[in-house]
Amino acid sequence: MTAYKNYIGGQWVESVSGRTYQVYNPAHKTEAVGEFQTSSVDDAGAAVAAAREALPGWANTPAPGRAAVLFRALEIMGRRAEEIARAITTEEGKPIGDARGEVRRAMNIIEYAAGEGRRMFGYTTPSELPNTVAYTVKRPLGVVGVITPWNFPIAIPAWKMAPALICGNALVFKPASSTPLCAVKLAEVFEEAGLPPGVLNLITGPGAQVGNALVEDPRVNGISFTGSTEIGTALYARGAGVLKKVQAEMGGKNAVILLSDADMDKALGGIVQGAFGSTGQRCTATSRVIVEEAVYDEFVAGLLERTAGLRVGDGIDPEVDVSPLCGQGQYDKVLEYIGVGAEEGANLAYGGRGLTGGEYDEGYYVEPTVFTDVSPDMRIAKEEIFGPVLTVFKAKDLEEAIEISNSVEFGLSSSVYTRDLTRAFEYINTVETGMVHVNAPTLGGEVHLPFGGLKSSGVGQREQGTEAFDFFTETITVYIDHGEAARQQARFI
Ligand code: UN1
């Protein structure tokens, strides 16, 4: 079994304790992906120290020079794209097509961030005083902790790291314990690209203690976190206690509203992809569909037919639509929720079982599952399941559908299918989510547009888009008095 190390101060090193753990392929429980360092607060401390030491050099490298490193990383990732995509599938389990898309997305954000190296704009404005120049500049935030989940083990770290790096920060990267191989590959890409030692430090292993150590370490200036609402909320609260900048991207319970005038074929395609693509393990997955009653029966019939046509198997097979869940914990949680749905009286219209027999015995396979006749007060209607489970609701009109859509604590992404512009805008203006789609799945986003949610889905500045650069910088305001005479008037009326 290959053993992988932490990356601290430009060196590949063992954890201070010397302890390691193993990771296995979710499609083949006995096939080891590798052995990785179990890092503790001591390793976090060493990584923070390395980042601190590297910070001044990187922060003082002109932004176009930092961009040159990112452009090289982009080129290296392009060369290694297929290898990295296969690592995603082997380690996280998602279908290889999704994994390739994820690598593409990571490349897109690196490209976007690199371009920003020549656009680190501040602004100037006339001062209210004579002979005075006033302007703003952006300074790096400092040392930033990057804490990321397993479900996008390349793209999410990349969309935090690339904007952070172009802004001149030094990073301590703590990936999810179940996807360290992808993290190692990302660190290798930046190492080969010539990122100076200590600017990016990687520590693998379990989260809680290391995460807390990072947020409480006075040498760390900010935390960018993606993961569960529970952990994100706790980190945000701890960060607030020490006045630290924290951004937290968290859960979702994303709904599609299907109106009676919609293109049914297009809607079915988008909803099935949204619900079951990446096995439902993405925070923008579609987990609810709210259907106007006139087309409810037609929709359910079409949905069940398409769901039955999905191929379930090892994601490395390009023909597979739905691959295994990421591990035992995910598998147990999803089956538990399916049990809860049945107990609550929702109608289990399709699926609902863990799959067994043949290759299914080797991995964490759950059938794509559809509950119909779901009511908004049920737990399966409100809580994030994070698996291939879709809940279907009936609504009498758009108003009731929006009410159901907004009835959950989350507010990440949403979508409406309609051809009616008036109803589409009524929806856009009232739905409580940070990202809104019309006639498109709830999934994803483009790297040059902000990504994030309202309510329990997100707090702190948005990721991606120009907002990303706001999070990773401090804005400094400069006033220069270049007059010869002492000022006669009071400053700052
Ligand atoms: C996507 O769905 O394309 O953890 C990205 C997540 C989100 C990212 C999703 N923060 O699933």
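The model is predicted: local features need pLDDT of at least 70, side-chain atom pairs count only at pLDDT 80 or more, and totals for chains, interfaces and linings use all residues. Residues are numbered from 1 along each chain as its sequence is written, and side-chain values use heavy atoms, without hydrogens or water.

Now look at H9 itself. Helices here are DSSP runs of H or I with at least four residues, strands are runs of E with at least two, and both are numbered from the N terminus. H9 holds 13 residues, 264-276. From first C-alpha to last, H9 reaches 18 Å, close to the 18 Å expected (1.5 Å times one less than the number of residues). At its start, a side-chain oxygen of aspartate 263 comes to within 3.1 Å of the backbone nitrogen of aspartate 265.

Which residues of H9 are buried? They are Met264, Ala267, Leu268, Gly270, Ile271, Val272, Gly274, Ala275 and Phe276. Buried means under 20% relative accessible area, with a 1.4 Å probe and protein chains only. An α-helix has 3.6 residues a turn, so residues three or four places apart point the same way. The cover over the buried residues of H9 includes strand S12 (254-258), strand S13 (286-292) and helix H10 (296-308).

Turn to the lining of the largest pocket. Helix H7 (208-216), strand S10 (222-226), helix H8 (229-241) and helix H11 (328-344) each supply at least two of its residues. The largest share, five residues, comes from H8.

How values were computed: Buried < 20%, exposed > 50% of the residue type's maximum accessible area, 1.4 Å probe, protein only. Contact = heavy atoms within 4.5 Å. Polar contact = N/O pair within 3.5 Å; in protein donor to acceptor, adjacent residues only side chain to side chain.
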